[in-house]
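Good morning, and thank you for the time. Please have the sequence and the model open on your screens while I speak.

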Amino acid sequence: RRRLRAAVEAGVAAGSSGLHARRGAGALVGLKTIAVAVDMAKANGGPFDLHASAVRHGISDPNEPAGRNRKGLHDRVAPVAARILELGLLESDAAADAAAAAAAASLLPPLPPVDDPVWMDELARRVVTDTRWRPTTELFPPHDLLRAAVELCRHVVPDIGAACDRCGISLEKCGVSTASTLRQMRDRIRGLCLLEVPPEELLTPPPPDDVSHRALLASLRLRLTQRAITTAPDAANLAVAFDVHARDVPLKVAAVRRRHQLSGSRAKAIEKLVTQLAELETKQSLDAVLEADDIETVRSMAHTSGINVPSFKSAAFALVEEGASRPAAAVAEAGGASPSEVHAYASPEQLLRATNRLRADAGLEPVDEAFFSAPAAAEGDAAP
């Protein structure tokens with residue numbers, strides 16, 4: 001079995017001359033089908049429970065009636081089993097078995113500390129998604145299920161039956177949802193990259209989330225926003241990107257520390273934010289914290305002065321250039337419970353200079369305070 005699996009994974013048994021033969025236009029024999037076919041070939045005409053073997057290798061539902069779809073499964077497996085016997089792939093070869101096992105083991109990531117109850121409890125807290133397992137209670141996924149899910153994550157070609165055997169779980173005796181639950185837990189562990197970082201990272205507390213840090217991230221979010229607030233970067237993605245850029249933390253480690261699921265699209269979004277933060281830092285300090293009300297005021301004043309409403313990014317850039325920001329540490333010293341409770345930083349003079357900076361970018365002359373304090377124009381006239 002190890003020789004066969006190693007040969008299939010390495011692509012040695014490809015094409016019509018090998019086991020992994022094509023069934024049609026681009027379709028290959030599935031590895032689960034191969035696993036059932038190995039069991040059938042071992043029986044070699046003797047007693048063989050096709051349904052039990054299919055359940056063991058994750059093809060059928062354990063509670064599915066034994067006769068359902070049996071003919072289609074038999075027609076799919078029998079030719080593969082015959083080909084295995086024809087090629088003699090089950091003949092004993094201890095040296096080849098040992099070489100295949102060593103090659104497969106060398107490709108596997110190191111085994112995490114599954115015998116450490118503290119580490120396993122933390123893994124359980126991260127994996128909890130089912131309503132039956134809530135992180136606010138003492139009811140967590142059993143450690144044997146977690147071990148099986150970890151085994152599935154480590155193998156390129158997961159074998160649910162083998163993983164359950166190694167962890168003392170019987171798929172035949174378990175309920176209908178066991179195999180599905182293991183797949184969900186496997187996907188959750190992979191999505192959170194929990195096995196792709198050093199084990200101690202799971203026990204590392206998340207970065208501090210005090211008033212100054214929240215204000216800094218809220219300000220950076222506006223400084224990277226274009227026309228509409230709906231285009232603002234995702235707050236969780238921005239927090240991870242800030243750790244990667246400013247604190248020099250690897251992407252996956254930063255995501256694990258912040259309990260952030262890292263899909264392919266999110267990883268790309270975070271990498272884009274890291275690039276944007278680096279570009280912004282070449283022009284202005286990232287530590288400059290702005291108040292959202294000040295940005296909105298400058299946008300409104302610029303529009304009133306006769307130019308199109310500038311983006312959040314442009315208004316924030318102008319305010320920072322005019323010194324209308326504070327360092328993040330000053331926010332903490334102000335004692336505000338949240339960024340929204342910190343008073344506006346910009347003075348009227350700074351707001352006016354920021355507005356005129358935006359007008360200059362549009363090729364217009366500056367205006368003074370009297371422009372905004374003048375009485376409203378008559379209806380139908382150009383608004384001052």
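Which residues have the most contacts inside the largest nonpolar core? Before I reply, two remarks on the basis. This is a predicted model, in which local features need pLDDT of at least 70 and side-chain atom pairs count only at pLDDT 80 or more, while totals for chains, interfaces and linings use all residues. Residues are numbered from 1 along each chain as its sequence is written, and side-chain values use heavy atoms, with hydrogens and water left out.

To the reply: they are L123, L182, I189, L194 and L220, in a core of 58 residues. A nonpolar core here is a set of buried Ala, Val, Leu, Ile, Met, Phe, Trp, Tyr and Cys residues joined through side-chain atoms within 4.5 Å. Buried means under 20% relative accessible area, exposed over 50%, and partly exposed in between, with a 1.4 Å probe and protein chains only. Helix α7, residues 143-154, supplies the largest share of this core, seven residues. Helices (H or I, at least four residues) and strands (E, at least two) are DSSP runs, numbered from the N terminus. A second, separate core has 21 residues, among them L222 and A288.

Next, the helix pair. The axes of α6 (residues 117-127) and α9 (residues 178-191) come within 10 Å and cross at roughly 95°. Axes are lines fitted to C-alpha atoms, for helices over the stretch in contact, and angles run from 0 to 180 degrees between N-to-C directions. α6 is therefore roughly perpendicular to α9, a class that covers 65 to 115 degrees. On the α6 side, L123, R126 and V127 make the contact; on the α9 side, M185, R188 and I189 do. Contact means heavy atoms within 4.5 Å. L194 touches L123, R126, V127 and I189, as well as L202 and V256, not counting residues up to four places away in sequence.

Finally, R259. It lies in the loop between α12 (251-257) and α13 (264-281). Is R259 buried or partly exposed? R259 counts as partly exposed, because its relative accessibility is 37%. Beyond neighbours within four places in sequence, R259 is in contact with E122, R126, L202, T204, P205 and P206.

Methods: Angles under 35 degrees count as roughly parallel, over 145 as roughly antiparallel, 65 to 115 as roughly perpendicular and the rest as oblique.
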